[in-house]
Amino acid sequence: MPFQTALTKALNLRVPVLAAPLGRGTDAAFLAAMANSGGFGFAALMHMPEVTISDELAEISRVTGGSFGANLTLVVDQRKRLAAALDKGVRVFSLWQGDIEPYVRVIKDAGGLVFWTIGDPKDAARAKEFGVDFIVSQGREAGGHFIGTAPTMSLLPSIVDAAKGVPVVAAGGVADGRGLLAAMALGACGVWMGTRFVASKESASHRGYKERVVAARATDLVETELFDPVGQECPHWVIRNSTFSKWEEAGRPPTGQRPGEGESISRYPNGQPVYRYDVAAAWDSMEGDWEASPLYAGSTVELIHDVKSVAEIVGEIEATAEAALDKISGSRAGR
Ligand SMILES: Cc1cc2nc3c(=O)[nH]c(=O)nc-3n(C[C@H](O)[C@H](O)[C@H](O)COP(=O)(O)O)c2cc1C
């Protein structure tokens, strides 16, 4: 691929493509496929119990050859998870929401790299003084939880302008090589993709959820805070499902009065119940009513027509980026 950027150099990648942390979806098998494709993926530590995190990270490290990153959502205290990850040799971290400063200090002291997901150019201006290595500019069309104040097309260049030279990765609205090229034209050094990889063969998302991503149109998405616990609300895009529809039919009541609240809808692999309105996305090994769990997805559902392997997705990104580049060069040459 003809793209060598700050991102490919820092992580030794063939393609400037990152897979976003996708709850339990980015498990060891997925992350290994990502590393083998020439890209790089992130595990979502928020969804790993503190008691199993060390073993889980050791396994991911083994199958990826250490080529993966760890994401910490700072709506809760994540110091134990950070310490466990550092102890297991993880040196690439992604942070978002909450106060990143103390976490950045610990990661930098350990010789690590920090990605910071932001949605506001005001934060871009502070990234350099915090010691952040890469900004992730998350547009408001991004699947799942979002903090973007504007869609990628206008947010990304404004973040690039404010970033004081800190390299910026584009998240939100990218599903193929045309999106990669567009993001690079807007100043990004690579892309961070979520929804496209939910519908990959290797993601641990529920197969029914993958099919819903393939079938959905952008008009099937709803913006809500329905699946967050009190005190941790952050808007998120989901595909409309039975839980959302029943809540809407009930007149959108507040927490405590929602239909079916406290009802167990399925089970995690360890037998623990999954409750209606829980934040966890539908995961392949959940048994029961997976469809009632949040089906996080963004506007790239318009571009996703089938479930493909990670290698196919990354290969297509390369091919479509090169074709788009040829087309642009052709128009410049008057061809
Ligand atoms: C199923 C799902 C789970 C996600 N979980 C996380 C997470 O745990 N941490 C995080 O930083 N971002 C998370 N995100 C958001 C992504 O990091 C990313 O910003 C987004 O998917 C990019 O937009 P796209 O879906 O249009 O590619 C999640 C997104 C999805 C679709």
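Domain bounds here come from an automatic or database domain assignment. For this protein, that assignment gives domain 1 (6–203 + 305–332) and domain 2 (207–300). The structure is a predicted model, in which local features need pLDDT of at least 70 and side-chain atom pairs count only at pLDDT 80 or more, while totals for chains, interfaces and linings use all residues. Residues are numbered from 1 along each chain as its sequence is written, and side-chain values use heavy atoms, with hydrogens and water left out.

The C-alpha centres of the two domains sit 24 Å apart. Their contact (heavy atoms within 4.5 Å) draws 28 residues from domain 1 and 19 residues from domain 2. Interface size is often quoted as the accessible area lost when the parts come together. On that score, domain 1 and domain 2 bury about 1,900 Å² between them, with 66% of it on carbon and sulfur atoms; buried area is the accessible area (1.4 Å probe) that two parts lose on being put together, summed over both. On the domain 1 side, H145, F146 and T195 stand out: they supply 29% of the area that domain 1 buries against domain 2, more than any other three residues.

Now for the helix pairs. Helices are DSSP runs (H or I, at least four residues) numbered from the N terminus. Axes are lines fitted to C-alpha atoms over the stretch in contact, and angles run from 0 to 180 degrees between N-to-C directions.

Helix α2 (residues 28–37) has two such partners to look at here. With helix α3 (residues 53–64), the axes come within 8 Å and cross at roughly 30°, which makes α2 roughly parallel to α3 (angles under 35 degrees count as such). The crossing is right-handed, i.e. the near helix is turned clockwise from the far one by less than a right angle. A28, L31, A32 and A35 of α2 meet E59, I60, V63 and T64 of α3. That set splits into six nonpolar, one polar and one charged, where Ala, Val, Leu, Ile, Met, Phe, Trp, Tyr, Cys and Pro count as nonpolar, Asp, Glu, Lys and Arg as charged, and the others, Gly among them, as polar.

Against helix α12 (residues 310–332), α2 packs at about 35° with the axes 9 Å apart, again in a right-handed crossing. F30, A33, M34 and S37 of α2 touch V310, A311 and V314 of α12, giving six nonpolar, one polar and no charged residues.

Elsewhere, helix α6 (residues 121–130) and helix α7 (residues 152–162) bring their axes within 8 Å and cross at roughly 35°. This crossing is right-handed too. P121, A124 and A125 in α6 meet L155, S158, I159 and A162 in α7.

Notes: Parallel < 35°, antiparallel > 145°, perpendicular 65-115°, else oblique.
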